[in-house]
Amino acid sequence: MPTFVLLTRLSPESVRSPDAYEELNARIEEQIKAHAPEVRWVANYAILGPYDYLDVFEAPDERTAMKVSTIVRSFGHATTETWIAEPWSRFVELTHEVAGAAARA
């Protein structure tokens, strides 16, 4: 299953107390389970920088990943970026395929 990276930035209005983070997370998890049950979470991080969270998840396709991003944005006035990520070993295989094709051309 493809791996996706989701970066999320919350607006200051979305959480007014430390407890609000857990409540918001629980509500988002519930919606993702209901609307995209095939998604498998790999990792979740709170991060420093222009984004507040970095999540790594697996989804069967881009449409499902878009669904996850849409659900996250629908809560708490969030802004998201979603990227597809390829494991390093598969990327290396790809480079060998491209090098082989270039050599034959």
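Reader: Why is E86 called partly exposed?
Author: This is a predicted model, and the label rests on a computed value. E86 has a relative accessible area of 45%. Buried means under 20% and exposed means over 50%, with partly exposed in between. The value of 45% falls in between, so E86 is partly exposed.

Reader: What makes E86 and R90 a salt bridge?
Author: The closest N and O atoms of E86 and R90 are 2.9 Å apart. The cut-off is a side-chain nitrogen of Lys or Arg within 4 Å of a carboxyl oxygen of Asp or Glu. At 2.9 Å the pair meets the cut-off, so it is a salt bridge. In general, side chains of opposite charge can pair when their charged atoms come close.

Reader: How do you know that R90 counts as partly exposed?
Author: The relative accessibility of R90 is 46%.

Reader: How many salt bridges does the structure hold?
Author: The structure holds 2 salt bridges. One of them joins the side chains of E58 and R40, at 3.0 Å from N to O. That value is within 4 Å, so the pair qualifies.

Reader: What makes E58 and R40 a link between distant parts of the chain?
Author: E58 is in strand β3 and R40 is in strand β2 (residues 40–46). They are 18 residues apart.

Reader: How many aromatic pairs does a search of the whole structure find?
Author: The search finds 3 aromatic pairs. One of them is F4 with F57.

Reader: Why is the pair of F4 and F57 called stacked?
Author: A pair of aromatic rings is described by the distance of the centres and the angle of the planes. The ring centres of F4 and F57 are 5.7 Å apart, within the 6.5 Å limit, so the rings pair. Their planes are at 25 degrees. Planes under 30 degrees apart count as stacked, so this pair is stacked.

Reader: Why does the pair of F4 and F57 tie together separate parts of the sequence?
Author: F4 lies in strand β1 (residues 3–10) and F57 in strand β3 (residues 53–58), so the pair ties together parts 53 residues apart in sequence. F4 and F57 are buried. Together with W41, they form one aromatic cluster.

Reader: What makes W88 and F91 a tilted pair?
Author: The distance is 5.3 Å centre to centre, with 40 degrees between the planes. Stacked needs under 30 degrees and edge-to-face needs over 60; the rest are tilted. At 40 degrees the pair falls in the rest, so it is tilted.

Reader: Why are W88 and F91 separated by about one helical turn?
Author: W88 and F91 are 3 residues apart in helix α3 (residues 88–104), so about one turn separates them.

Reader: Why is W88 called exposed, and F91 partly exposed?
Author: W88 has a relative accessible area of 63%. That is over 50%, so W88 is exposed. F91 has 37%, which lies between the limits, so F91 is partly exposed.

Reader: Which residues make the nonpolar surface patch?
Author: W88, F91, L94 and V98 make a patch of about 450 Å². L94 is found in helix α3. Its relative accessible area is 42%. A patch residue needs over 30%, so L94 clears that limit.

Reader: What makes R9 a charge over the ring of Y51?
Author: The charged end of R9 is 4.5 Å from the ring centre of Y51. The distance limit is 6 Å, so R9 passes that part of the test.

Reader: How do you know that I71 counts as buried?
Author: I71, found in helix α2 (residues 62–73), has 10% relative accessibility. That is under 20%, so I71 is buried. I71 touches I28, Q31, I32 and H35, not counting residues up to four places away in sequence.

Reader: Why does G49 count as exposed?
Author: G49 is found in the loop between β2 and β3. Its relative accessibility is 56%. That is over 50%, so G49 counts as exposed.

Terms used
Residues are numbered from 1 along each chain as its sequence is written. This is a predicted model: local features need pLDDT of at least 70, side-chain atom pairs count only at pLDDT 80 or more; totals for chains, interfaces and linings use all residues. Side-chain values use heavy atoms; hydrogens and water are left out. Rings of Phe, Tyr and Trp (its six-membered ring) pair if their centres lie within 6.5 Å; planes under 30 degrees apart count as stacked, over 60 as edge-to-face and the rest as tilted. Helices (H or I, at least four residues) and strands (E, at least two) are DSSP runs, numbered from the N terminus. Buried means under 20% relative accessible area, exposed over 50%, partly exposed in between (1.4 Å probe, protein chains only). A charge sits over a ring if NZ of Lys or CZ of Arg is within 6 Å of the ring centre and within 35 degrees of the ring normal. Patches are made of residues with over 30% relative accessible area and no salt bridge: like charges are joined within 9 Å, nonpolar side chains (Val, Leu, Ile, Met, Phe, Trp, Tyr) within 5 Å. Accessible areas come from the Shrake-Rupley method with a 1.4 Å probe; for residues, only the protein chains shown count as cover. Contact means heavy atoms within 4.5 Å.
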